[in-house]
Amino acid sequence: MKLGIVGSGIIVKEFLSIARHLKHTMILSLCCTKRSEDEARALAKEYLIGQIFTDYEEFLRSEADTVYLGLPNHLHFTYTYRALMAGKNVIVEKPFTPSIEQALVLSRTARENRLFLFEAVTTIYQPDYRRVKELLPALGSIRLVQCSYSQYSRRYDRFKNGEVLPAFDPACAGGALMDINIYNVHYTAGLFGMPESVHYFANIERGIDTSGVLLLDYGSFLCSLTGAKDCSAPNSCMIQGDKGYLIQNSPANICKGVRMVLNDGAEETVVDHSYSHRMISEFLDFEKMIFSGDLETCYRYLDHSLCVCRIQTEARRMAGIVFPAEVEEAQ
Ligand SMILES: NC(=O)c1ccc[n+]([C@@H]2O[C@H](COP(=O)([O-])OP(=O)(O)OC[C@H]3O[C@@H](n4cnc5c(N)ncnc54)[C@H](OP(=O)(O)O)[C@@H]3O)[C@@H](O)[C@H]2O)c1
């Protein structure tokens, strides 16, 4: 693919550090804000990127066939929509969009124009996540699922001191569910699909969830998904069935350290096939699908993103967290 990148922040820098693994990808351009132009020029020099843009429309008229958006959450919808309308494939960072209504617009636009549209979320592309799926039947009837991902954010210290950075800003579609618990939602929805009901209980400060517990009721079993940016603890995922359990001693954005223990004493430790960086596997898959024109698989992943976005939107709204971006931009 001929890739153009938008943003020059943390995730774009991480992506650039692994881009050498993509053998069928040429990075042509970087689009940044005027205030970050010097930083973007330094990145372009380091990674041999030929063109810098500070105007998004001009960037969209350039040669890239695929754009990667590493932007704050509230810009995901409009930037993706404009890129699709310009005939580009889009890889947009997680979380897909602030609301399900926006996600449906993007999905329709991509399908009508036969364009690739991916949510860059590491969870479901991890090599050993597939093995977790394969092991599920051995656990018998699933009864309980628990996923916890807590990571104390340095930005929370600044939030407590009155400074609101995008990760904690309702105007930027921030918060613990959007930022961190979303990985648990991907993990669970990727295994079990859409639940029958969704309940979100959040610690809310100044209109945003700094941590929270999301309960997904699948009728015959329950999932409790915990996400926090205001405290820390060891992170794990656990699936319990009436014939045994599976435990993963890592958060849901990677899939490492998985072990299954059955009631009859049988055990399996899943061999770790993960790459040296969590983002490599997702981008290798995007590259492969685009290279081979595999829209069908892309749209299966897109349906999964819609399911996650539906859960996230319902959860937030039930907790009273409504973003300005989801109201004004969905029209
Ligand atoms: N950080 C992580 O570990 C991580 C992991 C996975 C996914 N993500 C996702 O990646 C996205 C970005 O997160 P981040 O951590 O990289 O944030 P970040 O460090 O704040 O970077 C955001 C970037 O977007 C740029 N930007 C803002 N408005 C723009 C505009 N109108 N046009 C062009 N560029 C613009 C910012 O430029 P200025 O600095 O000039 O405003 C900055 O370079 C989020 O959706 C997040 O959920 C992040």
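The following dialogue examines how terms are applied to a predicted model.

Tutor: In this predicted model, local features need pLDDT of at least 70 and side-chain atom pairs count only at pLDDT 80 or more, while totals for chains, interfaces and linings use all residues. Residues are numbered from 1 along each chain as its sequence is written, and side-chain values use heavy atoms, with hydrogens and water left out.

Student: Why is Ser29 called buried?

Tutor: Buried means under 20% relative accessible area, with exposed over 50% and partly exposed in between (1.4 Å probe, protein chains only). Ser29 has a relative accessible area of 1%, so the residue is buried.

Student: Which residues is Ser29 in contact with, leaving aside its neighbours within four places in sequence?

Tutor: Contact means heavy atoms within 4.5 Å. Ser29, which lies in strand β2 (residues 26-31), is in contact with Leu3, Gly4, Ile5, Ile49, Gln51, Phe53, Phe59 and Ser62. A strand here is a DSSP run (E, at least two residues), and a helix is one of H or I with at least four, both numbered from the N terminus.

Student: What makes β7 and β10 a pair?

Tutor: Two strands pair if DSSP finds at least two bridges between them. Strands β7 (residues 142-150) and β10 (residues 222-228) share seven bridges in the parallel sense, so they pair. Within β10, Cys223 stands opposite Val145.

Student: What makes β8 and β14 edge strands?

Tutor: The open sheet of eight strands has the order β8-β9-β10-β7-β11-β12-β13-β14, with mixed pairing. Strands β8 (197-205) and β14 (267-269) each pair on one side only, and are the edge strands.
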